[in-house]
Amino acid sequence: MTAYLVHRIAGGVAVLVGLVLLAFIASHYIGDPVALLADAELVQPEERQRLIEAGGYDRPFYEQLWDFVSHAARGDFGSSVYQNRPSREIVIERIPNTLQLGAVTLLVTFLVAIPLSVVSARSPGSRLSYTIMAVTTTFASMPGFFVALGLIAIFAVELQWLPTSGHGWWPEMVLPVISLSLAPIGRYTQVLERSIVAEFKKPYTTTARSKGLGEGLVVRRHVLRNAGLVGLTLLGAEVITIFNGAVLVEQIFAWPGVGNVLLQAVVSRDLPVIMAGTIYIGAIVVIINLIVDLLYAWVDPRVRLA
Amino acid sequence: MSAGLLAPNPLMETPVSRNLLWQQSRPLTRRRVLGSSLGAGLGIASLSVLGACGDDDDSGDPTEEGATSAPSTASLPEEFVFANEAEPTDLMPFFAGFGQAISLRAVNESLIDIVMTSKADGSTSLDYRGRLAESWEQPDPKTFVVNLRKGVSFHDGEPWNAAAAVTGFDLFTDADLLSSLGKLTLAGRYIDSYEATDEYTITLHAKTAIVPQEFFGFTFYLGFSAFSPKAFADGGLDGFAEAPVGTGPYRLESWSRGGDLVLARFEDYWGDLPNMKRLKIITRPEASVRAQTVKAGEAHFAFNIGAEQAGALSNSVVGGGFQSNSLRINNVRTPTSDIRVRRAINYALDRDAINDAIFDGTATPIGFFAYQPVEVAVWPYDPAQARSLVDEAGIEGQELELVYGEGRIPEEDQLAEIFAAQLADVGFNIKLSKVERVQYNEVGALPFDQQPSLFMETTSSGNYGEMSGSLLDKYGCTGSGTFCDPAFDAEFQSLLALEGDERLELIGDIAKRLQEGETPRAWMLAVNQVHGLAENVRADLPLNVYLRTDDFGFA
């Protein structure tokens, strides 16, 4: 297990190093950094030169790269162009909000997808099963922004049950979570349902039933444990999808998370915040994937032994 | 899900919602739900937050101001909710670039009054009016004496006087300090020194002889404001930027980054008090969602939602947008170096049809920089004349590249496509090239003969400072256009030495000779902002000035 752990951590660190290098190279080749900051018609040549020197943009590439990497290793990505604050601080203060949204979305996904998949798997080919599969296929294929705007139009504007947007737990969180969780619910239900159907056909299920165990116990104690491995595999990918989706959902619902701040930074070309946001989101995804890998290895010994 | 499963929405208990109960009483039908969903979906393409630039306003002649009696607000809601498009990065009023500035100007100036501003009557004059300045004089071409308004207090009770003005100037002229906030200051280019000459008078010395329009444009309009010296000394730059203390009609009640900004009316304000006791500014970056906040009864004012979204609301208003769209026509490369081709381009573009199609008629067709004190005719739409000129120049079917980029308005893609289609109708063969912003800036700065034939620009309306600067930038040999005539350059420069009618006359003459004679660019439309309003809100917004809390309130 220790060797497996070391191997996975080393892999995660390598991904992060690669991300830092890619982020710097991409930013370096975006173009003239001073042109990003201000309108050319207002920046005089001497002011432009001052900004270039202040940013160190006139130094050789390798010097700039080393400076960036050595600072990034300490979590320092420079100060925001538009705020007199470290970009790290701007991103970190938003992380709890994004994690709040992401965690509740995952919880809702499990709470809805698991019962749906079990119900569908217990009567495969039935009208109920077809209905569940049709609805979840629709969920999985709906564009997130359309779902978000449609939910606002119906539940906030027409029915006035919920606020259009804003930050908080209840009721502000309801629409963003529904918007973010519909697609994962769709994917999870479909994958789990197929996995459960396959497990139902395996001899150990027949044995459990023949021992006289109730159907609920068979499902909870035997079937779900095995079928759940597939869900665990999917978890890493879903976390990435939820973080990606959060950029748009946070923007639409004015949710003050990392995605929201990152999108604003992209629009205003606030490079230090873009770098910090990209790398911190990358780090969160790497850490969550690492946790998923470890969970997988813990649940299924074949993984760590291999 | 049913209504019974949910607790009453606390937002429905707000005064805003009570005023909009008509919405709740309308039956929900499938058509309404689908209609609303589709309407909301139409706003999905406008995720970028684009700014604009321009002037700000004034509540009138300083001699007419000063009444401080509180309006009767007994029957009005306690709180006015303003849905803005961008979150403040801080609460300092200094100019922070066009993209950052415009939507936050109303917020900043509610807290921190400015010393001088442009006229608020929507006229095209460059006249400046005092707010915290009562009058000024120019005893010699390099000296300005400014008399400050008396009896004005900061929110912390400190007096506004010449010493406070000097503290403000110390900050305003410190480029290093302001650049740490990501702010621009242009004052250093013009101001040599300044001092308090008595308790309510400051004297400013310019570096060179300068006309008031230019001096006030850059030294006052773009940021010189009234800061409480005590609050600044106590909080420092960072503390002050988060909790400023000014003389404005509102004082800061609460603000946290990522959260709402709440302002409370400053009852000792020197000017007319707004009828909104509390002003809550919420940030909703997506235009369609801002519009929905008004529909849902959550907000009274939705800033810059666009004509399309405004069409779905029962109350809206057109306000200043400060962006003029034009096509820069390459004057040194063939075939656009041919005056017949440049004229054909101008004749081929149907500005009214574009305005109706894209902006729902809310933009203004222009023949020159918008809101300028000159009358330059808008080129008429005359496709027959355009085709005739194309034939005469012998360029039918010849490929011309039109470069455009991510501009300051979200409609640039649509504009480029319509331009190409209308030009194709008269025989041009347009190749559209969209480029990223940095590349766009780089292409636009290439030597004139290396620039594309056509280059789409959405630019400031030219009235944020001195017209000579705008003319030099758009039409000068060292500017960002593709037109060069040293004789014109000399005329642009000569504007600096003129004042009053003589100066306006020369601007008008230059504009006509440029646009009707040389035709170096095709001016298209001044794009205005459209704001959504709740039913109980009034707004009277001049087109050439920034939005201020003076201009809107409860009806």
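Reader: Why is B:Asn304 called buried?

Author: This is a predicted model. Buried means under 20% relative accessible area, exposed means over 50%, and partly exposed lies in between, with a 1.4 Å probe and protein chains only. B:Asn304 has 18% relative accessibility, so B:Asn304 counts as buried.

Reader: Where is B:Asn304, and what is its phi?

Author: B:Asn304 sits in the loop between β11 (301–302) and α10 (306–310) of chain B. Helices are DSSP runs of H or I with at least four residues, strands are runs of E with at least two, and both are numbered from the N terminus. The phi of B:Asn304 is positive, about 50°, although B:Asn304 is not a glycine.

Reader: Is B:Asp360 buried or exposed, and why?

Author: The relative accessible area of B:Asp360 is 53%, so B:Asp360 is exposed. B:Asp360 is not a glycine, yet has a positive phi of about 55°. Its loop runs between α12 (351–359) and β13 (364–365) of chain B.

Reader: Why does A:Val17 count as partly exposed?

Author: A:Val17 has 46% relative accessibility, so A:Val17 counts as partly exposed. A:Val17 lies in helix α1 of chain A.

Reader: What makes the nonpolar surface patch?

Author: The patch is about 830 Å², and A:Leu5, A:Ile9, A:Val13 and A:Val17 are among its residues. Both α1 (2–30) and α4 (61–73) of chain A give two or more residues to this patch. The most come from α1(A), with 7 residues. Patch residues have over 30% relative accessible area and no salt bridge; nonpolar side chains (Val, Leu, Ile, Met, Phe, Trp, Tyr) are joined within 5 Å, like charges within 9 Å. A salt bridge is a side-chain nitrogen of Lys or Arg within 4 Å of a carboxyl oxygen of Asp or Glu.

Reader: What makes helix α12 of chain A mostly covered?

Author: In α12 (residues 258–268) of chain A, 8 of the 11 residues are buried. Among them are A:Val258, A:Gly259 and A:Leu262. A:Arg269 follows α12(A), with a positive phi near 60°.

Reader: Which peptide bond of A:Pro171 is cis?

Author: The bond from A:Trp170 to A:Pro171 is cis, with omega near 5°. A:Pro171 is in the loop between α8 (144–158) and α9 (174–200) of chain A.

Reader: How do you count residues, and what is left out?

Author: Residues are numbered from 1 along each chain as its sequence is written. Side-chain values use heavy atoms, leaving out hydrogens and water.

Methods
Chains lettered and ligands numbered in written order. Predicted model: local features only at pLDDT ≥ 70, side-chain atom pairs only at ≥ 80, totals over all residues. Areas by Shrake-Rupley, 256 points an atom, 1.4 Å probe, with all protein chains shown as cover.
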